[in-house]
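The entries follow in the order I checked them.

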Amino acid sequence: MVWQGKFITAKRRGRWEYVGRARNIRAAVILAVEDGHVILIEQYRVPMGRRCIELPAGLIGDDAESADENPLEAAGRELEEETGYRAANLEDAGTFYSSPGMVSESFTLVRARGLEKVGAGGGVAGEDITVHRVELGSLGTFIDAARERGCGIDVRVMGLLLAHGHL
């Protein structure tokens with residue numbers, strides 16, 4: 001270990017340098033596609049210095065109250081907190097790795113079904129999340145417009161673009 005902060009660890013193995021989450025913190029990423037629409041969020045991201053279009057997501061085990069939380073519980077909590085939607089069903093779709101050449105972090109992809117709008121969303125204080133319910137048929141146009149406004153696009157959105165013929 002080269003350095004460890006509250007949430008991030010920088011490590012070296014031989015000549016290879018990489019980062020990961022500290023204290024076994026994990027993430028849950030929510031794929032909420034229903035009725036021909038996907039729920040995306042837009043949020044300012046400090047490392048990029050700009051707003052980013054992403055799938056809703058959140059950390060698991062980042063504080064004492066959530067140390068034993070499972071990915072489905074975290075996903076349900078984060079979906080409602082960030083987007084204002086509650087899912088009747090949450091399904092574990094597997095573990096994925098964000099950028100395995102640089103980051104050891106993994107995330108659990110959670111499929112959300114049976115969505116019901118129960119609040120405004122927007123996240124917790126300071127997150128300033130904008131919720132977008134985007135028709136899958138116009139996802140490419142939506143992403144192009146977001147890029148034009150200067151938004152970064154999370155790599156996980158690429159899978160949706162590919163699956164729906166936009167790439």
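I looked up R113 and found its side chain in a salt bridge with E91, at 3.5 Å from N to O. A salt bridge here is a side-chain nitrogen of Lys or Arg within 4 Å of a carboxyl oxygen of Asp or Glu. R113 is in strand β10 and E91 in strand β9, so the pair ties together parts that are 22 residues apart in sequence. Strands (E, at least two residues) and helices (H or I, at least four) are DSSP runs, numbered from the N terminus.

I noted that this is a predicted model, where local features need pLDDT of at least 70 and side-chain atom pairs count only at pLDDT 80 or more, while totals for chains, interfaces and linings use all residues. Residues are numbered from 1 along each chain as its sequence is written, and side-chain values use heavy atoms, with hydrogens and water left out.

Next I checked accessibility. R113 has 35% relative accessibility and counts as partly exposed; E91, at 36%, is partly exposed as well. The cut-offs are under 20% relative accessible area for buried, over 50% for exposed, and partly exposed in between (1.4 Å probe, protein chains only).

I counted salt bridges: the structure holds 11. One of them joins R21 to E105, with the closest N and O atoms 2.9 Å apart. R21 sits in strand β3 and E105 in the loop between β9 and β10, 84 residues apart. R21 is partly exposed at 27%, whereas E105 is buried at 16%.

R156 pairs with D154, again by a salt bridge, with closest N and O atoms 2.9 Å apart. I read R156 as partly exposed at 27% and D154 as buried at 13%. Shared partners join E42, R51, D128 and R149 into one network of salt bridges.

Then I turned to pockets. A pocket is an open set of points on a 1 Å grid over the protein atoms alone, where a 1.4 Å probe fits, with protein on both sides within 12 Å along at least five of seven lines; lining residues have an atom within 4 Å of a point.

Which residues lie nearest the centre of the largest pocket? They are R21, R45, L59, E105 and R156, out of 38 lining residues. α1 gives the largest share of this lining, 4 residues.

The second largest pocket is lined by 14 residues, and F96, F107, L109, R156 and G159 lie nearest its centre. α3 gives the most to this lining, with 4 residues.
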